[in-house]
Amino acid sequence: MIDSGFETKSLRMELLLLVTFQAPAADVERIMEAVVAITPLRMGRYDGNAYQTAQGIERYRTLEGAAAGAEIELRRRPGTVEVSFELPDDQTLAARVVEAIFQAHSYEEPVIRIQPLLTSRSKGLDDRANPNRWWNTIGDWKKAESLIRQDA
C-alpha cells in the first residue's frame, strides 16, 4: 500500500482524511453549514468542496433504549444521501468537524466515517492548450448547462 504522497508532472497525491456521513437530504445544508463554519473545505482554488450522492433508501430497526423505542419492523427511509469531503490529516480538526456533524444531524446515531486516503491536488499548470478541459471545448459550463435545460 502507498503510505505517503507522491507527485507527477501535473499533480500531487496527498495524504488526507475522507469524511463521509449519511443524512436525510433535507438535513444536508444545515450540516454542511456547521462544517464550513469550522473549515472552508478548500481544494486548490476552490472551497466548499463536497460530494453528495443521489437519494437512496436507508434501512434500520430501532432497538430497546433508542429514542424512538424498540420496534419489530425494519424501517425503510427514502430520501437519504451520503456526503463526503476531504480534510487535512489533523485529528483535532477532524474531532471538531465530527462533533459539528453530530450536533447538526437529526439522527440519534448518525453514520459518520473517516478514512485515510491519497487524493489529487493539481499543481495549477497552464492547461490552456489541453483539448480535454471544459473551457477548451464547451466554454462556460454554466451557460452550456442552461442551454441544455432550455432545449429540454
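Q: In what order do the elements of the protein run from the N terminus on?
A: Helices (H or I, at least four residues) and strands (E, at least two) are DSSP runs, numbered from the N terminus. Here the order is β-β-α-β-β-β-α-β-α. That gives three helices and six strands. The model is predicted: local features need pLDDT of at least 70, side-chain atom pairs count only at pLDDT 80 or more, and totals for chains, interfaces and linings use all residues. Residues are numbered from 1 along each chain as its sequence is written, and side-chain values use heavy atoms, without hydrogens and water.

Q: Which strands does S2 pair with?
A: Two strands pair if DSSP finds at least two bridges between them. S2 covers residues 11-24. Strand S1 (residues 6-7) joins S2 through two bridges, antiparallel. S1 and S2 form a hairpin with three residues between them. Phe-6 faces Met-13 of S2 across that pairing. Strand S6 (residues 112-122) is antiparallel to S2, with 11 bridges. There, Val-19 has Ile-114 as its bridge partner. Strand S5 (residues 75-88) is also antiparallel to S2, with nine bridges. Leu-18 stands opposite Glu-86 of S5.

Q: Is Thr-20 buried or exposed?
A: Buried means under 20% relative accessible area, exposed over 50%, partly exposed in between (1.4 Å probe, protein chains only). Thr-20 counts as buried because its relative accessibility is 9%. Of the 152 residues in the protein, 26% are buried.

Q: Which residues is Thr-20 in contact with, leaving aside neighbours within four places in sequence?
A: Contact means heavy atoms within 4.5 Å. For Thr-20, the list is Glu-82, Val-83, Ser-84, Val-111, Ile-112 and Arg-113.
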